[in-house]
Amino acid sequence: MARESIEKSGRLSTRDELTGLYNRQYFIERVNEENSRAAAADSVTGLMFIVPDNFREITSIYGHQTENIIIAETAKKILRMLNSCGIAARYGDEVFTVLSPGTTVQAMSDTAEKIRRNAGESPVITADGEFTVTVSIMV
């Protein structure tokens, strides 16, 4: 029982409650670790930022319940497009990040394009209607 409580506490301290992705604090720690590791190994580390387009507009019209559904569904779509070595996090309200150790800019760009296409392929369904969510990505 105590072990389960400790494991749950550790998970909550590194994960975003809404999306299940890593949180910003954990992500920044990992970026620092991976940058140090990459520098020592003369390697690369891929990084991208993902932001849903027109998100503030949707939130101001439909509110936080719809916002939360869109954030959670967008996070799921990002995770589906990552390979096993990518680390996804919720960096800010509607900002997601992906860290991928040992990944070149070209490989990150290819992954970013997959995420971009996948995000808009199927609508997010909420009580307020269906929303096609497009994203902007910086690699």
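Author: A salt bridge is a side-chain nitrogen of Lys or Arg within 4 Å of a carboxyl oxygen of Asp or Glu. By this rule, nine salt bridges are counted here. The model is predicted, so local features need pLDDT of at least 70 and side-chain atom pairs count only at pLDDT 80 or more, whereas totals for chains, interfaces and linings use all residues. Residues are numbered from 1 along each chain as its sequence is written, and side-chain values use heavy atoms, with hydrogens and water left out.

Reader: Why is the pair of Glu34 and Arg30 called a salt bridge?

Author: The closest N and O atoms of Glu34 and Arg30 are 2.8 Å apart, and the rule asks for a distance within 4 Å, so the pair qualifies. Both residues belong to helix H2 (residues 24-41), where four residues, about one turn of the helix, separate them. Helices (H or I, at least four residues) and strands (E, at least two) are DSSP runs, numbered from the N terminus. Arg30 and Glu34 also take part in a network of salt bridges with Glu33 and Arg37.

Reader: Which class of accessibility does Glu113 fall into?

Author: Glu113 has a relative accessibility of 30% and so counts as partly exposed. Arg116, at 40%, is also partly exposed, and Arg117, at 45%, is partly exposed too.

Reader: How do you know where the buried residues of H3 lie, seen down the axis of the helix?

Author: The buried residues of H3 are Phe55, Ile58 and Thr59. Seen down the helix axis, they fall within an arc of 100° (the arc of the directions from the helix axis to the C-beta atoms), so they line one face of H3. This face packs against strand E2, helix H4 and strand E6 (129-131), where contact means heavy atoms within 4.5 Å. On the other side of H3, Glu57, Ser60 and Ile61 are exposed.

Reader: Which residue takes a positive phi just after H3?

Author: That residue is Gly63, with a phi of about 90°. Gly63 sits in the loop between H3 (55-62) and H4 (64-81). With a relative accessible area of 22%, Gly63 is partly exposed. The C-alpha atoms of Gly63 and Asp128 are separated by 9.6 Å, although the two residues are 65 residues apart along the chain.

Reader: Which residues touch the most other members of the largest nonpolar core?

Author: A nonpolar core is a set of buried Ala, Val, Leu, Ile, Met, Phe, Trp, Tyr and Cys residues joined through side-chain atoms within 4.5 Å. The largest one has 21 residues, and those touching the most other members are Met48, Ile50, Ile70, Ile78, Phe96 and Val98. The elements giving two or more residues to this core are strand E2 (45-52), H3, H4, strand E4 (96-101) and H5. Apart from this core lies another, of five residues, including Phe27, Val31, Ile87 and Ala89. Residues touched by Ile50, not counting those up to four places away in sequence, include Ile78, Phe96, Val98, Ile115 and Ile137.

Reader: How many bridges join E2 to E4?

Author: Six bridges join these antiparallel strands. Two strands pair if DSSP finds at least two bridges between them, and so E2 and E4 are paired. Phe49 has Thr97 of E4 as its bridge partner. Four bridges join E2 to strand E7 (residues 135-138), again antiparallel, and Val51 stands opposite Ser136 in E7.

Reader: Which residues form the covered face of E2?

Author: The covered face of E2 holds Gly46, Met48, Ile50 and Pro52, while Thr45, Leu47, Phe49 and Val51 make up the uncovered one.

Key: Buried < 20%, exposed > 50% of the residue type's maximum accessible area, 1.4 Å probe, protein only.
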